[in-house]
Amino acid sequence: RQEALPPLQSAANRLYGLLQDTLPPLPANVEAFETLTALHAQAPSSKSLRALRVQAESLASEECLPAARLGLERLQLATVADRHQGLHRKAGGFAEAIGRLKSGPEALDMSHLRAELLSQTVELVFTAHPTQAARRSLLVKYAQVLEALEQEAAEDTLKRSIFGAWRTRSLRNTRPSPDDEARRALNAVEDSLWTAVPALYREVDAVLAAQGLPKVDAGTRLVSVASWAGGDRDGNPFVTHQVTQQVLWLCRMRGARKFLEDLNALMFELSMHSTCSPALAAYTQTIERLPSQPSHWDFWQDHALSHDEPYRLVLQHLRNQLANTAAHYEALYEGRSPPEGPIS
């Protein structure tokens, strides 16, 4: 970490400087407090700490909030800078680790290593403690700052996201309900894990293939996800069996919608026609014999799907089921009678 400290400090100072460029003039006491904070951070000493304490005690009550918020924002932007530097510090990753295990003084047999790797599961558990929650509005803003740093965007783009975070309340006005906590966990799954977990599998596949080993077996669980949100029946008096049922319906509805998004993309990707395996051809015939179901299209609104495009025919069938599934659990979640139709 020592080699990374100077660029990290530089990146954090740059982000905080951009925030200061966008702020209106602050009260003199707050400006003085901020200056002493920066001096103490650069060269901490008992003298600088005493000066900072004296200045803090001189703040009027209406000046305490902006002073504290500036300190919080400094820490948040430092965290963004650390994540940015961490992305660049990452070297080799999984491939490098496998290489060290293969060529070290106690080199491991690759087949044995593969078997051990595929027999393990990392479980990611979302807690439901309200004090651990940051507002999603702010998380999105800081993610935009990180993305702008990665893309080396213009400073105006960075300033816009940084100032947007500054003008966003850092705390909720109301206590989060178990339903809110469940939505936060689902947001994390949808925003990151939905793409990160498949990317991990692809990385492991590539490394194993490079070692001449079979790829990850179907059904292997390298990663699993669990959540206390909506299910903490022994620790949260507000979580009842009705709440747990509502959260389960919410999870199923959101899951069906995410799979539906992916199927929409596959409808464009798998446009091949005519040739397919005998098994797929037989399956398309069973689909064609099913009772007609409404089609959920984002394109070709008034056209039937060509029967010489077998992949799209199967995907259309799956899309119908997933759309019905999402509508089914949405109705249950909202207290309505679910619509008729097959669900997944």
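Let me begin with E309, which is buried at a relative accessible area of 14%, where buried means under 20%, exposed over 50% and partly exposed in between, with a 1.4 Å probe and protein chains only. Its partner in a salt bridge is R312, with the closest N and O atoms 3.7 Å apart; the term denotes a side-chain nitrogen of Lys or Arg within 4 Å of a carboxyl oxygen of Asp or Glu. R312 is buried as well, at 7%.

A word on the basis. The model is predicted, so local features need pLDDT of at least 70 and side-chain atom pairs pLDDT 80 or more, while totals for chains, interfaces and linings use all residues. Residues are numbered from 1 along each chain as its sequence is written, and side-chain values use heavy atoms, leaving out hydrogens and water.

By the salt-bridge rule, the count comes to twelve. One of them joins R114 and D217, at 2.9 Å from N to O. This pair links distant parts of the chain, 103 residues apart: R114 lies in helix α6 (residues 110–118), D217 in the loop between α9 (178–210) and β2. Helices (H or I, at least four residues) and strands (E, at least two) are DSSP runs, numbered from the N terminus. R114 is buried at 12%, whereas D217 is partly exposed at 41%.

K258 and E261 form another salt bridge, at 3.2 Å from N to O. Because they are three residues apart in helix α10 (residues 241–269), about one helical turn separates them. Here K258 is buried at 13% and E261 partly exposed at 46%.

Overall, the protein chain has twelve helices and two strands, and 33% of its 344 residues count as buried.
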